[in-house]
Amino acid sequence: GALMDPDPPALPEDLTAEAAIRFLGSGSSRTHGRAYTVTREGTLSGVFDVDDLLHAPAGQGIAQLSRPVAARLSTRADLSDIARHPGWQTEHTLPVVDRNGVLVGTFGHQMLHELEGGPAPLVAEAPLGLAVGEMYWGVLSAVLESIGKVLNTGDAPSEAEERR
């Protein structure tokens, strides 16, 4: 979770091209040439090129511009599996979805280069044994454990617990 971009350019699939352009132009979302469509529940439903959006009739729905997402990553994916993902052959950024298909972020190919120590090409056997989801859940469980202790005892966490 800490390695992905938690703010992907995603728009509800029922928006018109005009509304999508206003949203993207408002600066409330970053885009690198592509944006994702999601259901109102947040489930990833497609991807479209922003250039196609700019040339679309104002009233056209962005769902008509989007195409199925060919490659996606799971929040539970191991980084070594991510490094070998075939989606990198055609994409620079892959969407990250939870087990229900909800878009939770994106993971860029550049991040893999940084994790490997620089601009060298990816090596599938690289020791990237960390899991994206494990890092997220590890931090979350420590926070929840501290909150639970405070609620159960009424005491604040000790210094050692806070450092952890």
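Arginine 40 and aspartate 14 form a salt bridge, with their closest N and O atoms 2.9 Å apart; the term covers a side-chain nitrogen of Lys or Arg within 4 Å of a carboxyl oxygen of Asp or Glu. By this rule, the count is five salt bridges. Keep in mind that this is a predicted model, where local features need pLDDT of at least 70, side-chain atom pairs count only at pLDDT 80 or more, and totals for chains, interfaces and linings use all residues. Residues are numbered from 1 along each chain as its sequence is written, and side-chain values use heavy atoms, leaving out hydrogens and water.

**The Arg40–Asp14 pair**
- Arginine 40 sits in the loop between strand 2 (34–38) and strand 3 (44–49) and aspartate 14 in the loop between strand 1 (10–12) and helix 1 (17–25), so the bridge ties together parts 26 residues apart in sequence.
- Helices (H or I, at least four residues) and strands (E, at least two) are DSSP runs, numbered from the N terminus.
- Arginine 40 is exposed at 59% relative accessibility, and aspartate 14 is exposed at 52%.
- Exposed means over 50% relative accessible area, buried under 20%, and partly exposed in between (1.4 Å probe, protein chains only).

**Around Asp49**
- Aspartate 49 bridges to arginine 34, closest N and O atoms 3.3 Å apart.
- That pair links strand 3 (aspartate 49) with strand 2 (arginine 34), 15 residues apart.
- Arginine 67 also meets aspartate 49 in a salt bridge, at 3.7 Å from N to O.
- Here arginine 67 comes from the loop between helix 3 (62–65) and strand 4 (73–74), 18 residues from aspartate 49.
- Shared partners join Arg34, Asp49, Arg67 and Glu91 into one network of salt bridges.
- Aspartate 49 is partly exposed at 24%, as are arginine 34 at 31% and arginine 67 at 31%.
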